[in-house]
Amino acid sequence: MKTRLTLILSICILQAFSQDATTILEKVDANMSSRNRIFESSMTILGKRGSRTIVSKSYAEGTKQSFTEYLSPASEKGTKMLKLDKQLWIYSPSTDRTIQISGHMLKQSVMGSDLSYEDMMDDRKLTAVYNAKITGEEMLGDRKTIVLELTAKVEDAAYYAQKIWVDAVRFVPLKQELFAKGGKLLKRMEMKDIRQIQGRWFPATIVYKDMLKQGEGTEFRMTSIKFDQEIPDYIFTKAALKK
Amino acid sequence: MKLAFKLAYRNLIGAGLRTWLNVIVLSFSFVVIIWLKGVMSGWDYQAKTDMTNWEIGGGQYWHKTYDPYDPFTLTDSHAPIPAGVTGELKTGDLEPQLIVQGTIFPDGRMMPVIVRGINPGQSILKLPTRKLDTITDAIPAIIGGMMAKTNRLSPGDYVTLRWRNVKGTFDAADLVITGIFTTNVPAVDAGQVYLPLVKLQEMMMLPGEATILTFRDEEKSRTGLNGWTLKTKKELTRQVDEVIKTKSAGQSILYFILLLLAMLAIFDTQVLSIFRRQKEIGTYIALGYTRRQVVGLFTVEGSMHAVLAAVVSAVYGLPFLIWQARVGWTMPMDTSEFGMAIAQTLYPVYSVGLVISTLLIVMLTTAVVSYLPSRRIAKMNPTDALRGKLQ
């Protein structure tokens with residue numbers, strides 16, 4: 001009788017923790033996901049021989065559609081990128097051509113950054129992809145964080161496991177580590193400059209680091225961001241690439 | 001006719017240096033044309049032999065969606081090895097390969113690669129796959145010399161491979177380079193990494209599946225398998241045929257220039273002969289030769305340049321051509337990045353057909369060039385010709 005009670009109690013505690021982790025993840029998703037967003041950003045690639053910054057303006061609708069136009073430097077100005085579900089096109093003004101990015105090219109980095117085109121194409125909600133488990137609490141700077149371990153619950157998750165440090169008050173991730181199925185650490189993201197925008201907490205700066213690649217990483221800074229805007233449908237068409 | 005040859009020979013030898021200059025120029029054309037055609041045949045032979053040994057064996061079955069030139073197809077190009085080939089598979093006369101995409105990170109640089117899973121015990125291809133049959137703390141891998149050079153990898157080096165399994169999940173593991181091979185076939189070298197088939201199938205979550213099946217012997221009776229496309233050796237080497245055809249067309253311009261020079265000299269000689277030997281022409285006619293016979297005599301005389309040139313070519317050309325076939329012709333530029341099967345040193349191959357066809361072409365051209373100026377003889381007035389009057 002005593003053993004049975006202990007077992008039931010243990011299951012209840014586990015469930016409670018699990019429930020907590022899922023709730024936290026839902027709160028993270030509520031902060032990080034939106035129906036759509038329009039943002040201007042500067043991507044600074046911190047290389048061995050110095051850094052370079054690329055400024056762009058992006059429109060994103062859910063997780064399936066996004067459109068980016070590069071504004072500077074002059075060499076990249078006018079380059080546009082369109083993502084529709086699992087397809088990606090790039091328009092280059094110098095050649096006046098639109099090419100579809102596929103296969104090998106999807107694995108290459110975007111403008112020499114620590115982000116590959118493939119990374120940009122997978123941005124589903126965390127709750128839709130992962131089961132979460134609380135593994136502890138940690139201080140990151142002056143912020144108290146809850147550490148979650150995420151394990152893929154769907155077969156087609158890009159990263160099998162993640163470790164995520166969530167701000168215990170604002171429920172925004174402050175650090176994220178992405179792991180391969182075999183356990184190798186592949187990417188690390190550090191979120192900084194947390195701001196409250198339209199009622200949600202959102203990191204305005206994210207530093208991406210591909211752990212397999214040399215270099216100091218890529219700093220992605222959003223200079224302006226607007227959620228839930230009216231985006232005309234034509235933006236997410238191939239015709240918009242040549243406009 | 002015999003007399004015509006005798007006369008022609010005497011006249012040619014009598015002309016001395018003029019004849020020998022023509023003959024030397026023509027013999028030079030002979031040797032260069034045979035040598036260049038030999039180099040092309042050698043390349044054709046070498047490229048196809050290397051492709052057979054390293055890449056295509058006796059032919060291949062490709063998964064129905066596989067297209068090496070279209071990366072879109074690679075993700076879905078895999079299927080269980082069909083039951084119809086089990087017998088050949090057991091005897092080692094058919095080898096499956098699973099082909100997927102991945103990324104390696106040599107010295108922290110990101111390099112997209114094609115990862116090929118191959119049976120370490122295979123004996124169809126020259127790839128040193130036995131080096132994959134080893135126990136190491138990382139996944140054993142072999143690569144080509146060009147790939148090793150590009151990525152600065154040596155045997156024993158470790159490099160991280162990242163890939164996405166069939167479900168799209170990223171995975172990564174360390175590879176250890178257990179062997180580096182040297183080949184003239186860039187398709188099996190540039191950007192290619194070879195792993196044990198079973199290991200790659202496990203990594204991709206595709207047990208028992210393959211993208212291509214390479215068979216040992218080319219059999220005419222072989223037919224397609226359901227879901228797989230038969231690619232015969234002829235189809236797989238078509239690219240070599242096309243490149244050689246294009247190169248040969250380019251070389252034809254050189255042959256044309258060489259022949260043009262020799263033919264110009266012969267044409268000039270013929271025109272000069274007819275102009276200077278009008279009395280002789282008149283005498284032939286007075287002796288009972290018909291105009292056609294005199295034209296024939298001069299045509300034979302001109303054409304005999306080619307015969308003499310063939311003899312002279314044999315004197316100095318044969319040793320040269322034999323020496324070339326032995327030591328080969330080393331190209332002055334690096335051929336490893338040409339993008340097709342080509343060796344740094346090409347060994348010319350001379351077939352009987354090649355020599356005979358070259359001889360026939362040169363002789364026929366010489367005969368035509370010799371005949372054209374000789375036609376004037378037919379229009380000559382024999383009396384004026386006898387008097388040596390200019391016509």
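## Close-up views of a predicted two-chain model

View 1. You'll find A:Lys153 in the loop between strand S8 (143-152) and strand S9 (161-167) of chain A. If you skip its neighbours within four places in sequence, A:Lys153 is in contact with A:Val129, A:Tyr130 and A:Asn131. Look for A:Ala132 as well: 21 residues separate it from A:Lys153 in sequence, and the C-alpha to C-alpha distance is 9.5 Å.

**View 2. A cis peptide bond in chain A.** Going from A:Ser72 to A:Pro73, the peptide bond is cis, and its omega is near 5 degrees. A:Pro73 sits in the loop between strand S3 (65-72) and strand S4 (80-84) of chain A. For some background on this chain, it has 4 helices and 13 strands. Of its 243 residues, 30% are buried. Now take the contacts in chain A between residues at least 6 apart in sequence: 44% of them join residues at least 24 apart.

**View 3. Where chain A meets chain B.** Each side of the contact has its own share: 21 residues come from chain A and 21 residues from chain B.

View 4. Domain 1 of chain B covers 2-52 + 239-387, while domain 2 covers 59-217. Taken over C-alpha atoms, the centres of these domains are 51 Å apart.

**View 5. Helix H8 of chain B and its buried face.** Which residues of helix H8 (residues 278-286) of chain B are buried? They are B:Gln278, B:Ile281, B:Gly282, B:Tyr284 and B:Ile285. Seen down the axis of H8(B), these buried residues fall within an arc of 155 degrees, so they line one face of the helix. An α-helix has 3.6 residues a turn, so residues three or four places apart point the same way. Just after H8(B) comes B:Gly288, with a positive phi of about 110 degrees.

**View 6. H9 of chain B and two helices that pack against it.** Start with helix H1 (residues 2-14) and helix H9 (residues 291-327) of chain B: their axes are 9 Å apart, at an angle of about 65 degrees. The crossing of H1(B) and H9(B) is right-handed. Residues that meet here include B:Phe5 and B:Leu12 from H1(B), and B:Val300 and B:Met304 from H9(B). The contact of H1(B) with H9(B) has 10 nonpolar, 2 polar and 1 charged residues. Next up is helix H7 (residues 238-276) of chain B, whose axis comes within 10 Å of that of H9(B) and crosses it at roughly 145 degrees. The crossing of H7(B) and H9(B) is right-handed too. In this contact, B:Ile266, B:Gln270, B:Ser273 and B:Ile274 of H7(B) meet B:Phe298, B:Gly302 and B:His305 of H9(B). That makes 3 nonpolar, 4 polar and no charged residues.

**View 7. Positive phi without a glycine.** B:Arg152 has a positive phi of about 50 degrees, though it isn't a glycine. Its place is the loop between helix H4 (145-151) and strand S6 (158-164) of chain B. B:Arg152 is exposed, with 10 other C-beta atoms within 10 Å. B:Met205 isn't a glycine either, and its phi is positive at about 60 degrees. Look for B:Met205 in the loop between helix H5 (197-204) and strand S9 (209-210) of chain B. With 14 other C-beta atoms within 10 Å, B:Met205 is partly exposed.

Notes:
Residues are numbered from 1 along each chain as its sequence is written. Chains are lettered from A and ligands numbered from 1 in the order in which they are written. This is a predicted model: local features need pLDDT of at least 70, side-chain atom pairs count only at pLDDT 80 or more; totals for chains, interfaces and linings use all residues. Two residues are in contact if their C-beta atoms, placed from the backbone, lie within 7 Å. Domain bounds come from an automatic or database domain assignment. A residue is buried if 20 or more other C-beta atoms lie within 10 Å of its own, exposed if 12 or fewer, and partly exposed in between; C-beta atoms are placed from the backbone. The arc is that of the directions from the helix axis to the C-beta atoms. Axes are lines fitted to C-alpha atoms, for helices over the stretch in contact, and angles run from 0 to 180 degrees between N-to-C directions. A crossing is left-handed if the near helix is turned anticlockwise from the far one by less than a right angle, and right-handed if clockwise. Ala, Val, Leu, Ile, Met, Phe, Trp, Tyr, Cys and Pro count as nonpolar, Asp, Glu, Lys and Arg as charged, and the others, Gly among them, as polar.
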